[in-house]
Structure formats: C-alpha cells, structure tokens
Amino acid sequence: MNSFPATGVVRSVCPFDCPDTCGLHVTLENGKVTAVTGDPDHPVTRGAICNKVRQLPDRVHHPERLLTPMRRVGPKGTLRFEPIGWDEAYNEIIGNMKTIIREHGADAILPYSFYGNMGILNAEGMDRRFFHRLGASRLARTICNAAGSKGYSYTMGGSIGIDPEETVHTKLFLIWGCNLVSTNMHQTMLATEARKNGARIVHIDVHRNRTSSWADDFILVRPGSDAALALGIMHILIRDGLVDEAFVKEHTVGYEELAAEASVYPPSVYPPSVVSELTGVPESKIEELASLYGRTTPSFIRIGNGLQHHDNGGMVIRAISCLPALTGQWAVVGGGAMKGNSWYSRINHRALERPDLLPDRSVRTINMNQLGEALTELEKPVRMLFVYNSNPAVVAPDQTKVREGLLRDDLYTVTHDLFLTDTCKFADLVLPATSHLENLDLYGSYWHLYLQLGKPILPPAGESKSNFTLFKELALRMGFEPELFDITEEQMIREALDSKLNPLLEGITFEALSERHWMKAGDGRRHPIQGELPTPSGKIELYSKSMQRAGLSPVPTFTPLAEPETYPFLLTTGPNHSYINSTFANQAKLQKLEKTPTLHMHEEDAEKLGLSDGELVLVRNDRGEARLTLKLGMDVLPGVLVTQGLWWDDEGTGRSPVNALTPQRLSDMGGGATFFSNRVEVVKL
Ligand SMILES: Nc1nc2c(c(=O)[nH]1)N[C@H]1C(S)=C(S)[C@@H](COP(=O)(O)OP(=O)(O)OC[C@H]3O[C@@H](n4cnc5c(=O)[nH]c(N)nc54)[C@H](O)[C@@H]3O)O[C@H]1N2
Ligand SMILES: Nc1nc2c(c(=O)[nH]1)N[C@H]1C(S)=C(S)[C@@H](COP(=O)(O)OP(=O)(O)OC[C@H]3O[C@@H](n4cnc5c(=O)[nH]c(N)nc54)[C@H](O)[C@@H]3O)O[C@H]1N2
Ligand code: SF4
Ligand SMILES: [Mo]
C-alpha cells in the first residue's frame, strides 16, 4: 500500500499536453493540495510554471470531479446519469464487448484517445496493449502534429531539433507559426536570456498575439502561405551567396535540385515579388528577413504547430526545415531548428504497446480526424467507442458529423475522464479517472530532453481509477494473459525504458529516476547531426526520394489551400492562453481570464460588412456555425479571421464548438488535421 504525505511539499511533473513538461512542487496540507509551483531545481523549467497549472488545486479538488461510474438513464445528449458500482460497469462493458465481437468482429470497437494526460503508461501503455490484444480497430492519432512531424522527418529523419538549453546562445530567433508566450513559455524564458546578450526575436504569424508583442519584430502572413515564404528566403540566400557551401556539401543531399526550385536561375518560381503576392508580406520585408537570416549566426527557428494544421501543412514544415541546412546552422551551438524533440527520449513502444498481440495485423485503421465519417459513413459501422484522455465532442473537426455519430442509438460509448465533458453527454457509461497526482508514471517531453518520474502523492479521488488500472482490470476480466496484464506500473516503466532501440536512454533506469527525479536523454553525447541522421541517406535531405515515392514533390514547393473560395474569409481556430485544448475550460478562474470566445477581424472588413467591435456575430459555412464576439483591429490581414480556444458548450448562451466549422479533410502528409484551412462567412445577428 502507498502511504501519502498529508502535509509538506513534494515533487511532481506536469502531465498536460504542453512541450515544457515542467517539474512541479506540490504543497499539501492535511491531504489536500493547496498550492502548485515550479520546481526551482528542474534544469530547464527552473521554478517557473504557467498560470493554468497554478490553478491545479482547483482542478484536483473540483466539486464536479467524477467520483463513481455512471450509467445513462435519459436520452443521449441530456446529461442524465445514475451512479453504479465498478463491478456493474465492468460487467456491462465486457458483456457489450463480447456481444459486439461475436456479432460484428472486434474491429467494430474503436478506442479514441489523445494526450489529456501525457504520462506514458496512461497515454500509450496499458490501453494500447489492451486494445491490441482485443483486436479492436486501430486509431491513427493524427490530430496534433502528424503532418508537420512527417514533413520535418523527410528532411531530418525524425523529431530531431536542437537541445533547447543551447538556445541561450542563439543570436536570431525566428518564432514561426508558434504562439510561444502561451504555448511554450520556457522557450520564451531562454530566448529572453539570449536577448540580454544581443539576440533578436522575429515572430511570423497570421495573428498579432501575445507572442508578437513580446518579439522584437513581427511579420504578418496570409494563412497557409509559409512554404512560399520559406522558398522566397531560399531564393535570396542563393541569389546573394549566403549559402554555407561546405556544410551543404558535407551534411546534405539534393542541394542542386532544391536550388533549381528556389533559385535565381530561370525559370525562377519564387522571386520576392511573387512571394509577396502569395504571402501578403511586403517585398522589402522579405528581403530584410532573408538577409538577417543569412547573415546572423547562430540562428534558431522554432517551428510551431499552427503552420501545419493546413492542407499544405506537411510541406510548409518540410520547406522551413531545409533553411538551417542551407546556412550551416546545425554546426553551430545554438543554431538550427526545432519542431519537436521526441526522438531523443523515445521509449520502447513495441515492448510497451505490444502491437504483436493484434490477432489480425491488417485490421482497419481509423484516422481520428475523421471521427465524424467513421461514426456515420463506414460500411462496417463502429459499434463501441471507448474514449479516454480526449474530448472529441469539442476537439475533433466537423462537429455536426461527430455529434450526429455520437447520437446513434446503435453506438455504445464509454467515456473515461475526470469531468463530465461535452463528450460524456453522449456516453452510455461514464467512468471516473484519477488525476496524475494519484498515479505513478513516466514522462518524456517533446521539447526538452529530460525524462521524469511522477509518483502518486494523493489517494485516488472517490472510486476513480487511472487509465492503467482501468485497462489492466478490463484485460484480466476478459481473461487475457496475466503475464502480460497482471503487472505493476513499475514493471511497465522498466519495459518502456528498455534501451535496446534507443542508446540515448542508456543508464536511465527506474532506480536512477526514482533517486534523481529527472535524467537527460543522451546526456553529453554529440548531436546526431555530427554523425548519421536517421534519414535514408544518413544526411539532411533537401531532395527526398521517399517523398517522390509517396507521390509528393521531392523538393519543397508551395501549394495553395484546398477549400474552394465559396466563402470570403479564411478562419484559423487555435488554442488560447488559459486552457490546454479543452482542458481547464471548466475552471471558473481561468474562464474569467478568457472571458468569451472572440473573432479577430480586420477593421476594413468590418466596415464593409457594417459590423462593430464587441458585436456578437454568426460565423458559418456548409459544415456548421458558431457565435463569436467580434474584436476589430489590424491584428489579422483583410480576409483573415482568428478565434482562439476550445470552449465547452454553454447551454445558457447557446455556445457551440468552433469545430462545427472545421473540415475532416486531411493535410498533404501524415493524415494530419486541417483545423486552420477553412473558409467561412460572417453574418450580423
Ligand atoms: N496555453 C496553451 N498552451 C498549449 C496548448 C493550449 O491549448 N493552450 N496546447 C498544447 C498543444 S496540444 C499544442 S499542439 C501546442 C500548440 O502550440 P503552437 O505550436 O504555438 O501552435 P498553435 O497555437 O496551434 O498555433 C501557433 C500559431 O500559428 C499561427 N498560425 C496559424 N496558421 C498559420 C499560418 O498559416 N502561418 C503562420 N505563420 N502562422 C499560422 C496561429 O495564429 C498561432 O499563433 O501548444 C501546447 N500548449
Ligand atoms: N479547432 C481546433 N481544434 C483543435 C486544435 C486547434 O488548435 N483548433 N488543436 C488540436 C490539437 S493540437 C490537439 S493536441 C487536440 C487535443 O485534444 P484532446 O487530447 O482531446 O485534449 P483536451 O481537450 O485537453 O481533452 C483531454 C481530456 O482528457 C482528460 N484527461 C486528463 N487526464 C486524464 C487521465 O488521466 N485519464 C483520462 N481518462 N482522461 C484524462 C481531460 O480531463 C480532458 O477532458 O485538439 C485538437 N483540436
Ligand atoms: S502546462 Fe506547460 S508551462 Fe504550464 S506547468 Fe504544465 S508543462 Fe509547464
Ligand atoms: Mo496538440
């Protein structure tokens, strides 16, 4: 049995889907969390945390936390439930699973999860093993960074950027399509340190936001046009002799082909005049940016996720990821780029998830961005949907379709969460989940290079169970092999850390982590750029044969967004400062800070439409509609709209999710989402 400290300050790790993965200090008084602050000893996050997680005590002890399993007693969508015991809940799930498997096959069951909790065991451990053994349909978890990761990997071989700790030496930061101040605050701290030593910070975005105000320079671009901007920069680098030829020769393949696409030699496709037309950035700004980039060293590009939620998102990241190779920046401490860094701390997924347990390896895979279609249009319907670590009734695109599917009478939906989310409204059975403070888990980061161990410091709230325990108990009740499922968290962490496949994890063991709390993957090793990269050629690929084989342009290129111009505005719908996706959106203090979902519009557009600041408007297209409060100014280009935040439904105001407007269409690579590539019209209410 665990014993929990009733009072005192204990270490923890932030479990939310945020690159920073902070070390936390949790203050306990009489068994209650009274404060959460940053762990000052953490080597990267150094005692600072965001305001969201300072409100963690309110989340953990929230009066609306789910404490028992509940069964639906009213029609779907009405939030009428009655509490039941775990035995009854398990019997119902297993009874339904067995019937569905017998009548329709195991692939009629679909898990739906993402990273509401980033703990490895609870996000991609026991759950994955259970669903593989069951033979359920597989879920392609593509909602976040699939297109960009793929695009970046074509150049670099994986999510391999520079160590963020090195960015204190950087002299030029390009913060490109990343709302850094809100979404990766510790990179802001490191950049601020570099700025004290003379670094310049340039922000490139479709929206003048908190990050633009913090940066030294801001470049406003048209959504979906960044590949053209990157090619325009390449054009100038080549034209002006700013390419590091020695680096290119030693570390890259395909420079000649890339140069032919971008260069000054006829037919020149991306001269500044053309790029200016495509991006909305004045020619002089493009010249200035390219010259600054070509002449400053070390320079670092922080590539954001916003860029790749577009039809052409994979290619945008692919294009940008070629820039630091042209300028030889990877050879300089503090130089290079980063989209994500999960390659360094990659754990032994095979040992953990056991895909080999799948009875039929060719079982169908459903793309999570197309949940709407999966629930309404499949020839072989999904009969059971099992949701955990995610809130698809808010976060998935094309909500009209998603909710139509969730309302099906012949669909049995189980939702495991800490709260009665909008997805729970459609569930037949709701199960209570523990918070991460109640679990033992292993945490990586997709930004810094440290692995951390989070220990339970509170007993489970009410009858809540962790994802690990839920799927372990389900497996045992299904009669699955005890040697695979009747194991402890500690055993599973040891399996995950088995470093055969990743030498950078050498020496990182359960014992060492227990003692030291955090350990750096590949501590003290040479950057992979200095040796072999995991690309087919072992070098940075400016020309990619793999892309050619996949039917893509092997060199970076620009393709316009896909949606027909039936509606006048391009709308991007990113996350906001005070929530993490839809997490925290039910907490009063944070709601108060965010006030209400707004729509940023250029004042010229508002004037043409006769709309005024602060007015509630209807935003709509063929897929659906949303009501948003207008915020006028010059923060976006004419013809562009921005709204932030994934808000829960509000019955009072009639608020519905902004994802009613977004398409299920997939991006150019990796099956990624296209949340930011949608056209809408705005109507006075
Ligand atoms: N506060 C907070 N932090 C978070 C999250 C959160 O919800 N709230 N979510 C977490 C998660 S899951 C993720 S994936 C990351 C996401 O964090 P980021 O990587 O910062 O990505 P986004 O905020 O989606 O978009 C970044 C910026 O891209 C801009 N943008 C959109 N389209 C384009 C374009 O075509 N070109 C250019 N240049 N810019 C464009 C948007 O205006 C936005 O400012 O943040 C994580 N951290
Ligand atoms: N329009 C638009 N849509 C977007 C985005 C956007 O920018 N614009 N961003 C997209 C991106 S980048 C992402 S990553 C996705 C995120 O989408 P989701 O991963 O669905 O993120 P959340 O909305 O935070 O929902 C996570 C849920 O997990 C629950 N949870 C937390 N811990 C646990 C646990 O231990 N066990 C269980 N069972 N549940 C737990 C939380 O309470 C919460 O309800 O959204 C995507 N959707
Ligand atoms: S949400 Fe991000 S910045 Fe905030 S505490 Fe967690 S890891 Fe740190
Ligand atoms: Mo994400």
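View 1. On the side of domain 1 that touches domain 2, helix H7 (180-183) and helix H15 (313-321) are the elements that give two or more residues. H15 provides the largest share, 3 residues. Helices (H or I, at least four residues) and strands (E, at least two) are DSSP runs, numbered from the N terminus. The model is predicted: local features need pLDDT of at least 70, side-chain atom pairs count only at pLDDT 80 or more, and totals for chains, interfaces and linings use all residues. Residues are numbered from 1 along each chain as its sequence is written, chains are lettered from A and ligands numbered from 1 in the order in which they are written, and side-chain values use heavy atoms, with hydrogens and water left out.

View 2. Domain 1 (162-339) and domain 2 (569-684) come from the domain assignment of the protein, which is automatic or taken from a database. Their centres, taken over C-alpha atoms, are 27 Å apart. About 1800 Å² is buried between domain 1 and domain 2, and carbon and sulfur atoms give 57% of this area. Buried area is the accessible area (1.4 Å probe) that two parts lose on being put together, summed over both. In domain 1, His 207, His 309 and Asp 311 lose the most area to domain 2, together 35% of what that side buries.

**View 3. A salt bridge.** The side chains of Asp 635 and Arg 208 form a salt bridge, at 3.9 Å from N to O. The term stands for a side-chain nitrogen of Lys or Arg within 4 Å of a carboxyl oxygen of Asp or Glu.

**View 4. Side chains at ligand 2.** The side chain of Asp 417 has an N or O atom 2.6 Å from an oxygen atom of ligand 2. For Asn 467, a side-chain N or O atom is 2.7 Å from a nitrogen atom of ligand 2. A polar side-chain atom of Asn 389 lies 3.1 Å from a nitrogen atom of ligand 2.

**View 5. A cis peptide bond.** Thr 297 and Pro 298 are joined by a cis peptide bond, with omega about -5 degrees. Pro 298 is in the loop between helix H14 (283-295) and strand S12 (299-303).

Key
Polar contact = N/O pair within 3.5 Å; in protein donor to acceptor, adjacent residues only side chain to side chain.
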